[in-house]
Amino acid sequence: MNTSVDKTFSVLLKEYAAEIGFDLCGFAPARSLDEHRAIISNWTVSGLNGDMAYLGQNIEKRIDPRILVPGARSLIVTGLNYFTEKKQGGNGIPKISKYAYGINYHHVIKIKLNKILNFIKSIHPESSGKSFVDSAPLLEKAWGREAGLGWYGKHSVLINKKIGSFFFLGIIVTNIDLDYDQPEKEDHCGTCTLCIDLCPTGAINNNRTIDTRRCVAYLTLESKAQVPDDLVMKLEGRAFGCDKCQDVCPWNKNSKPHKTPEFDLPAEVELMTAEDWKNLSRKDYKRLFKESAIGRRSYCRFMDNIEAASISAS
Ligand code: SF4
Ligand code: SF4
């Protein structure tokens with residue numbers, strides 16, 4: 001569908017996205033992100049993707065959403081803040097990354113994206129589109145940048161000048177034309193190297209890529225293996241994910257707490273002691289985390305993480 005660009009509709013769409021809770025929303029024209037072909041290829045050929053082989057597959061599909069969704073004209077990219085000042089108990093307690101405190105963000109964002117799709121349909125009944133949250137070979141961060149949501153920090157995470165970097169991305173690929181935003185072209189990191197200097201495992205390369213084989217987030221979430229012995233003592237008590245490179249970033253100094261109750265840390269988890277974590281039964285693991293991102297990890301691997309985190313915290 002090739003509707004003429006309706007600027008008023010684009011404004012209405014952004015207002016609607018804000019109304020249903022999104023902190024950021026931008027639009028980018030669908031195109032092939034050719035400049036990413038070599039970057040992905042080099043990164044995976046060097047093995048920096050660890051055992052996530054899929055990241056090196058279907059490259060053409062990954063860089064061109066028009067292959068993924070035939071007829072695609074635009075990408076609507078949303079950002080949802082998940083920053084919180086809340087922290088788990090005290091010393092020696094295995095740490096969970098902020099992004100995994102509450103209900104699995106995939107579910108929360110998907111519901112909101114589908115509301116946007118319905119909103120578009122209500123005004124353009126002939127439109128079509130698909131929503132994605134980490135669920136397809138799409139370069140989410142690159143599209144976030146294209147849609148003006150932010151720039152790649154040296155830690156490779158997208159940073160927005162207003163809300164920092166603690167936000168989830170969601171994407172709609174649609175066949176309508178929109179009033180597009182300008183990609184963020186500036187590098188606002190300047191001479192800062194805090195994230196690189198303070199990363200506990202030295203996983204951040206100096207070209208805005210991460211060596212996932214050393215990254216605590218990857219090792220405790222995605223990796224099918226246990227955390228390698230030489231990195232266990234560098235976990236600094238982390239059992240699931242790592243926020244350090246974002247915590248130390250000056251652009252997160254003024255981050256405001258999110259307004260999405262689904263992302264809150266349940267009181268029962270907040271109060272768990274180190275002993276409670278060590279003795280967590282399979283039954284309680286399922287009960288407490290079946291709706292959380294943590295539940296994506298097997299119970300056995302998660303308990304391996306708890307053990308490794310406890311060793312590094314002691
Ligand atoms: S998430 Fe942690 S380990 Fe990974 S790059 Fe950031 S600071 Fe380093
Ligand atoms: S810590 Fe510094 S270098 Fe790293 S992303 Fe933030 S501003 Fe950029």
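Colleague: Which domains does the lining of the second largest pocket draw at least three residues from?

Modeller: Keep in mind that this is a predicted model. For a pocket, I go through the lining and ask where its residues belong. Here, domain 1 (7-174) and domain 2 (194-255 + 267-313) each contribute at least three residues to the lining of the second largest pocket.

Colleague: What volume does the second largest pocket have, and which residues lie nearest its centre?

Modeller: Its volume is about 510 Å³. The lining counts 32 residues, and those nearest the centre are K87, K95, K98, Y101 and D247.

Colleague: How does that lining divide into nonpolar, polar and charged residues?

Modeller: There are 10 nonpolar, 11 polar and 11 charged residues in the lining of the second largest pocket.

Colleague: And which element gives the most to the lining?

Modeller: That's α10, with 3 residues. Both β3 (95-96) and α10 (244-247) supply at least two residues of this lining.

Colleague: Let's move to the ligands. What surrounds ligand 2?

Modeller: For a ligand, list the shell, then sort it by class. Ligand 2 has G153, K154, H155, I159, C189, C192, L194, C195, C249, P250 and W251 around it. Sorted by class, that shell holds 8 nonpolar, 2 polar and 1 charged residues.

Colleague: How about ligand 1: which residues surround it?

Modeller: Around ligand 1 you'll find C199, P200, T201, I204, I210, C215, V216, C242, K244 and C245.

Colleague: Now the interior. How should I read a nonpolar core?

Modeller: The general idea is that in soluble globular proteins, nonpolar side chains tend to be buried together. In this model, the largest nonpolar core has 50 residues, and L13, Y99, I116, W277 and F302 have the most contacts inside it.

Colleague: Which elements give two or more residues to this core?

Modeller: The helices are α1 (7-19), α5 (105-123), α13 (282-289) and α14 (299-313). The strands are β1 (24-29), β2 (74-81), β7 (167-174) and β8 (238-240). The largest share comes from α5, with 8 residues. Since domain 1 (7-174) and domain 2 (194-255 + 267-313) both give residues to this core, the core lies between them.

Colleague: What do I look for in the backbone angles?

Modeller: Then pick out the exceptions. R208, not a glycine, has a positive phi of about 65 degrees. Another one is E236, with a positive phi near 50 degrees.

Colleague: Where are R208 and E236 found?

Modeller: R208 lies in the loop between α7 (194-198) and α8 (216-221), while E236 is in the loop between α9 (229-232) and β8.

Conventions
Residues numbered from 1 in each chain as written. Chains lettered and ligands numbered in written order. Predicted model: local features only at pLDDT ≥ 70, side-chain atom pairs only at ≥ 80, totals over all residues. Heavy atoms only, no water. Near = heavy atom within 4 Å. Nonpolar A, V, L, I, M, F, W, Y, C, P; charged D, E, K, R; others polar. 1 Å grid on protein atoms, 1.4 Å probe; cavity = no way out; pocket = protein on both sides within 12 Å on 5 of 7 lines; lining within 4 Å. Points joined across faces, edges and corners; volume = space filled by probe spheres on them. Helix = DSSP H or I, 4+ residues; strand = E, 2+ residues; numbered from the N terminus. Domains from an automatic or database assignment. Core = buried A, V, L, I, M, F, W, Y, C linked by side-chain atoms within 4.5 Å. Buried < 20%, exposed > 50% of the residue type's maximum accessible area, 1.4 Å probe, protein only.
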